[in-house]
Amino acid sequence: MHPFLILLIAVAAVFVLIIRLRVNAFVALISSAILIGILSPDIAVNEVVPAVGERFGDVVGRIGIAIAMAAIVGQCLMESGAADRITRRFVAWLGEARSSLSLVASGYVLSVPVFSDTVFYLLVPLARAMSIRMGGRNYVLYVMAISAGGSATHVFVPPTPGPLVMASTLSVDVGIVILVGLCVALPASLCGWLYSIWIDRKLNIPIREAPGLSLDELGKIATRPEEELPGFWASMSPILLPVVLITSNTVANTFYEGTGLARLTAFLGNPSFALLAGAVVSLWLLARQNRLSLKQLAVPVEEAVKSAGVIILITAGGGAFGGMLVRAGVGDVLGESASELGMSLMLLGFLLAMLVKIAQGSGTVAMITASAIMAPLLTSADLSYHPVYVLMSIGSGALIGTWMNDSGFWVFRTMTGLTEIETLQTKTALLVVLGTTGFAVTLLGSWLFPLV
């Protein structure tokens, strides 16, 4: 069966199972992944289930510990009152009318060294606490504000893996990529924020129950007197520590590659270890603030791990689904078809990354795949603008196409308590706004500031 037909059948299967038949998302994704293997002529029948299990295990191995540790951080931030302290400080700084901008800025900065999904795990408790303080209003706005900032820098600004690999593949100086990426990500984030304001008013969804603390527990924490809350910098420490550790690894590998310092920071700055350190600090903060014993700390840890387990299963199921599409040759066929159309390099890179993202779900994989296809074309082309703009076009395309095979879709849906349809209206549409804005800014930049 042709890979295009496999893609169409797989997409239809996921939509029918989840939206029409209301099958559990994990079961639907794993079943559809197996269906892809059965339909693909490149995969032997006896290899289908092992291949799905291999891809499922690969995703769990990469994200499982980080998600579990981030869930503990989020649980402790809420129960200790640290999230509420941070929320109150942001509102005091920016005013109630602009409080969502603080979440845009936080996501924008934190997603430079950290995966955007991880940043969302860390900041979503703050968004929920902020909505509670506002009487349950603007819930969609607050949770989308995190993605508006975080998703933009994640695809445009190194050292996140996608733009970093693209810079190497396309032979573009990393410093230029950082500077141009920050400039492209800023207007994209602001346009995403404006869309978030509009869709929040249109949908008018109140705060929902989600994994972690219940709304009653959130309400009790949000009404605590100021003197019962931890200090601001103590509250920020479980978030800042992982960011500092991960960033130290990036800096050391950039300037001191191969040294003992680089090896040390590679251990300390591994996302799983960095978030483990953040979890330890958050548990210490909770124990000190609420005067809990080690035995009593087991309760919030167990609650956090339960919620993390659901997220890990669904996320890894989406990863297995996307991995089987790649194994079936969907990505290769899409790349070959796009390159034969003879488009401009920026438009070709944009569309190619978008098609690969839709097919297999990972924006990082889409950026790496599209840049590898574009590299030989870029070498032989006589450009009137700097090749960094081709890189930005690929990053813009990699934002578009988030749906059920993207782990970020399920993280957002599960952590916010929204339905699949509401997630398509919010997260999926938001990334379309970010991607199209980023591409428009890239085209304008290549005309106004060609850098050649």
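Modeller: R327 has a relative accessibility of 29%, so this residue counts as partly exposed (buried means under 20% relative accessible area, exposed over 50%, and partly exposed in between, with a 1.4 Å probe and protein chains only). This is a predicted model, in which local features need pLDDT of at least 70 and side-chain atom pairs count only at pLDDT 80 or more, while totals for chains, interfaces and linings use all residues. Residues are numbered from 1 along each chain as its sequence is written, and side-chain values use heavy atoms, with hydrogens and water left out.

The structure holds six salt bridges, the term meaning a side-chain nitrogen of Lys or Arg within 4 Å of a carboxyl oxygen of Asp or Glu. One of them joins R327 to E47, with the closest N and O atoms 3.3 Å apart. These two partners are 280 residues apart and link distant parts of the chain, R327 lying in helix α14 (residues 294-327) and E47 in the loop between α2 and α3; helices here are DSSP runs of H or I with at least four residues, numbered from the N terminus. E47, at a relative accessible area of 35%, is likewise partly exposed.

K357 and D406 form another salt bridge, at 3.8 Å from N to O, and this pair links helix α16 (residues 345-360) with the loop between α18 and α19, 49 residues apart. Here K357 is buried at 4% relative accessibility, and D406 is buried at 9%.

R413 and E420 also meet, at 3.2 Å from N to O, and salt bridges with shared partners join R22, R413 and E420 into one network. Within that pair R413 is partly exposed at 23%, whereas E420 is buried at 7%.

Methods
Helices (H or I, at least four residues) and strands (E, at least two) are DSSP runs, numbered from the N terminus.
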